[in-house]
Amino acid sequence: MIKHILMVAAILVFTAPLVARAQSAELSGKEVVEAVCAKCHASGANGAPRIGDQQAWKKRASRGLSGLTANALNGIRQMPSHGGNQSLSDFEIKSAVAYMVNQSGGRWTEPVDKRVKSAPRTGEEIVKAQCIKCHETGKGGAPKIGDRDAWIPRLKDGLDNTVRSAINGHGGMPARGGMANLTDAEMRSAVIYLFRGPGTAN
């Protein structure tokens with residue numbers, strides 16, 4: 001009887017972390033880096049690009065998030081696959097890569113887990129998070145937020161055409177305003193907010 005109890009206790013001890021992990025949200029990029037990647041990337045051990053070394057990360061960042069993530073998933077040179085921690089999901093690895101790049105001079109948008117359904121962001125939220133960088137001051141010729149005189153000519157061919165232009169990129173503005181994870185509906189909300197300005201519903 002005692003032997004049986006000890007066996008059950010041992011099973012619970014070893015499986016508890018796995019159960020907790022399954023019930024919790026995935027780790028953030030920062031959490032993965034601090035727990036796993038920092039062992040080499042904090043100091044540059046074993047030839048790993050050191051976090052914060054912009055020159056070391058610049059060339060690697062040119063491969064894009066998908067390319068760097070593939071290296072981390074498969075392993076490269078002295079780094080084992082999944083950074084040596086096979087319990088990490090592909091998305092957690094991707095988040096860690098983006099975090100390290102952004103801590104080293106990059107300006108990448110944090111990846112979003114497509115498996116997790118979230119409520120659409122409002123036009124105001126999107127504008128304040130991204131569009132405001134240019135549209136608040138009119139940087140690069142961008143029409144200012146709420147400046148209807150500047151926006152009306154751009155809407156002369158219809159809202160749908162203006163939204164499509166924002167989705168595809170126009171002039172100095174990158175596709176989807178530099179936020180690749182925005183949906184078409186969210187882009188539409190952002191354009192409407194930019195036209196109407198603060199204090200209006202989306």
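Helices here are DSSP runs of H or I with at least four residues, strands are E runs of at least two, and both are numbered from the N terminus. Read along the sequence, the pattern is α-α-α-α-α-α-α-α-α. That gives 9 helices and 0 strands. The model is predicted: local features need pLDDT of at least 70, side-chain atom pairs count only at pLDDT 80 or more, and totals for chains, interfaces and linings use all residues. Residues are numbered from 1 along each chain as its sequence is written, and side-chain values use heavy atoms, with hydrogens and water left out.

Start with the whole chain. The protein has 202 residues, and 28% of them count as buried. Buried means under 20% relative accessible area, exposed means over 50%, and partly exposed lies in between (1.4 Å probe, protein chains only). Now take contacts, meaning heavy atoms within 4.5 Å. Among those between residues at least 6 apart in sequence, 54% join residues at least 24 apart.

Next, look at α4 (64-74). Its buried residues are Leu68, Thr69, Ala72 and Leu73. Seen down the axis of α4, they fall within an arc of 140 degrees, so they line one face of the helix. The arc is taken from the directions between the helix axis and the C-beta atoms. An α-helix has 3.6 residues a turn, so residues three or four places apart point the same way. Ser66 and Asn74 are exposed on the other side of α4. The cover over the buried residues of α4 includes α3 (54-61) and α5.

Gly75 comes just after the helix and takes a positive phi of about 90 degrees. Arg77 sits in the loop between α4 and α5 (90-102). Arg77 also has a positive phi, about 50 degrees, although it is not a glycine. Most residues other than glycine have a negative phi. Arg77 counts as exposed because its relative accessibility is 67%.

Now turn to α8, residues 159-168. Thr162, Val163, Ala166 and Ile167 are its buried residues. They cover an arc of only 140 degrees around the axis, which puts them on the same side of α8. They pack against α7 (148-151) and α9 (184-196). Gly169 follows α8 and has a positive phi near 95 degrees. In the loop between α8 and α9 lies Arg176. Phi of Arg176 is positive too, near 55 degrees.

How do α8 and α9 pack, and at what angle? The angle is about 110 degrees, and the axes are 9 Å apart. That makes α8 roughly perpendicular to α9 (65 to 115 degrees). Axes are lines fitted to C-alpha atoms over the stretch in contact, and angles run from 0 to 180 degrees between N-to-C directions. The crossing is right-handed, meaning that the near helix is turned clockwise from the far one by less than a right angle. On the α8 side, the contacts include Leu159 and Asp160; on the α9 side, they include Met187 and Val191.

Helix α9 has another partner in α6, residues 123-135. Their axes come within 9 Å and cross at roughly 65 degrees. This crossing is also right-handed. Ile126, Val127 and Cys131 are among the α6 residues involved, and they meet a set in α9 that includes Ala190, Tyr193 and Leu194.

How values were computed:
Parallel < 35°, antiparallel > 145°, perpendicular 65-115°, else oblique.
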